[in-house]
Amino acid sequence: MRISRLLSPTALIILSGVVIGALAALLVKWGNPPNMGICVACFMRDTSGALGLHQAGAVQYIRPEIPGFLLGSFISAYIFGEFRTRGGSAPLVRFLLGALVMVGALVFLGCPIRAILRLAGGDLNGIIGLAGVAFGALAGIFFLKRGFNLGRSVRMPAAVGWILPLAMVALLLLVIFQPSFIRSSTAGPGSQHAHLAISLVVGLLVGFLAQRTRMCFVGGWRDLFLMKDMYLISAVIGLFAGALVFNLVLGQFHLGFEGQPIAHSSHLWNFLGMALVGLGATLVGGCPLRQLVLSGEGDTDAAVTVLGLFVGVALAHNFGLASSSSGPSDLGTWAAIIGLAVAVGIGFLMRQKV
């Protein structure tokens, strides 16, 4: 008997969140950077560096979790008959919003998942980041209520939906065989990682669970504020609870704002960076993890957004927009402001009714 028949949808998504939170804490124990057991933004940053898309030597490693997330979703979608290739809904706008989301995430130094995991590890800056995500989601709701729409997707040939999953298989082959052109950090966060097999298995499981439950760590705030629906926000609660318990058991909980690993305490820019993430993700229809999961289901619009996320990483590091442990860069603060202005502009311009 399938687990989904034994548990209610809400119980299943809470349990999935708890499992993912526990695995995130364990990944830190097994070698991933502190408070970064799972972070889609950070993992894309490291992967893009390994591929030579940026030159920051401390953050270069193909994270097997990234192909794992997408391929886990792909496997789930095929098993349950939910793989349907579709697309054509404002791809250039989605690409741009994806890049802006990643710039905001790297001003904060983490995606919405890492904001929760940072808090579960005792980093109180996570509260500021989550407040920013919630504020950004509220701003996105403002536009949704006023007719914001990126247009209708249409069915496409099945082969189109296979492109990004096959690219992720190729990415896995690169991390397994390590050809000479692949870069790998010898110090810094990029040098800290769990064993390849462990990372891949965890990534596949997370992708599978995320596809089955439709979890989204920005959509939860959107649904809570827009429809008073607790379903998706239950994943946030479960993730936090699972990570907190395991961090306490493993001795990985360190309370405070200052001195947290791979983090800074510039509250304004933590807030604004994640506000950009919340707004951009609400407009584009999901957080970075959700975009990978949708790509695994055959959604080519989400695949274009994923490409935008990778380009955003490259822009952030090549042009000095990403923050460091000492705080945001001057260019990074301007990038957050300009990114918010552009996202707001898209919100106003992409309305079907005025």
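1. Helices here (H or I, at least four residues) and strands (E, at least two) are DSSP runs, numbered from the N terminus. In these terms, Glu297 sits in the loop between helix 14 (288-296) and helix 15 (300-318). The model is predicted: local features need pLDDT of at least 70, side-chain atom pairs count only at pLDDT 80 or more, and totals for chains, interfaces and linings use all residues. Residues are numbered from 1 along each chain as its sequence is written, and side-chain values use heavy atoms, with hydrogens and water left out.

2. Is Glu297 buried or exposed? Glu297 counts as buried because its relative accessibility is 6%. The cut-offs are these: buried means under 20% relative accessible area, exposed over 50%, and partly exposed in between (1.4 Å probe, protein chains only). Tyr78 is 219 residues away along the chain, yet the C-alpha to C-alpha distance is 7.9 Å.

3. Together with Trp162, Leu166, Val169, Leu173, Ile176 and Phe177, Tyr78 makes a nonpolar surface patch of about 700 Å². Patches are made of residues with over 30% relative accessible area and no salt bridge; like charges are joined within 9 Å, nonpolar side chains (Val, Leu, Ile, Met, Phe, Trp, Tyr) within 5 Å. Accessible areas come from the Shrake-Rupley method with a 1.4 Å probe, and for residues only the protein chains shown count as cover.

4. Which element gives the largest share of that patch? Helix 9 (residues 163-177) does, with five residues. Phe177 belongs to helix 9. Phe177 counts as exposed because its relative accessibility is 63%.

5. Now the salt bridges. A salt bridge is a side-chain nitrogen of Lys or Arg within 4 Å of a carboxyl oxygen of Asp or Glu. By this rule there are eight. One of them joins the side chains of Asp46 and Arg63, at 2.9 Å, N to O. Asp46 is in helix 3 (residues 40-50) and Arg63 in the loop between helix 3 and helix 4 (65-79), so the pair ties together parts 17 residues apart in sequence. Both Asp46 and Arg63 are buried. Arg45, Asp46 and Arg63 are linked in a network of salt bridges.

6. Glu82 and Arg214 also meet through their side chains in a salt bridge (2.9 Å, N to O). This pair links distant parts of the chain, 132 residues apart: Glu82 is in the loop between helix 4 and strand 1 (86-87), and Arg214 in the loop between helix 10 (196-213) and helix 11 (219-227). Glu82 counts as buried, at 17% relative accessibility. Arg214 is partly exposed, with a relative accessible area of 32%.

7. Arg118 and Asp123 form a salt bridge too, with the closest N and O atoms 2.8 Å apart. Arg118 and Asp123 are both buried.

8. On a 1 Å grid over the protein atoms alone, a cavity is a set of points where a 1.4 Å probe fits but cannot get out; a pocket is an open set with protein on both sides within 12 Å along at least five of seven lines; lining residues have an atom within 4 Å of a point. Grid points are joined across faces, edges and corners, and a volume is the space filled by probe spheres set on the points.

9. The second largest pocket holds about 170 Å³ of space. Its lining includes Leu96, Leu100, Trp334 and Ile338. Helix 5 (91-108) and helix 16 (330-349) are the elements that give two or more residues to this lining. Helix 16 gives the most, six residues. By class, the lining has eleven nonpolar, one polar and no charged residues. Ala, Val, Leu, Ile, Met, Phe, Trp, Tyr, Cys and Pro count as nonpolar, Asp, Glu, Lys and Arg as charged, and the others, Gly among them, as polar.

10. How many cavities of 30 Å³ or more does the whole structure have? The search finds two. The largest cavity has a volume of about 40 Å³. Helix 2 (9-29) and helix 12 (233-250) each supply at least two lining residues, and helix 2 gives the most, four. The lining of the largest cavity divides into six nonpolar, four polar and no charged residues.
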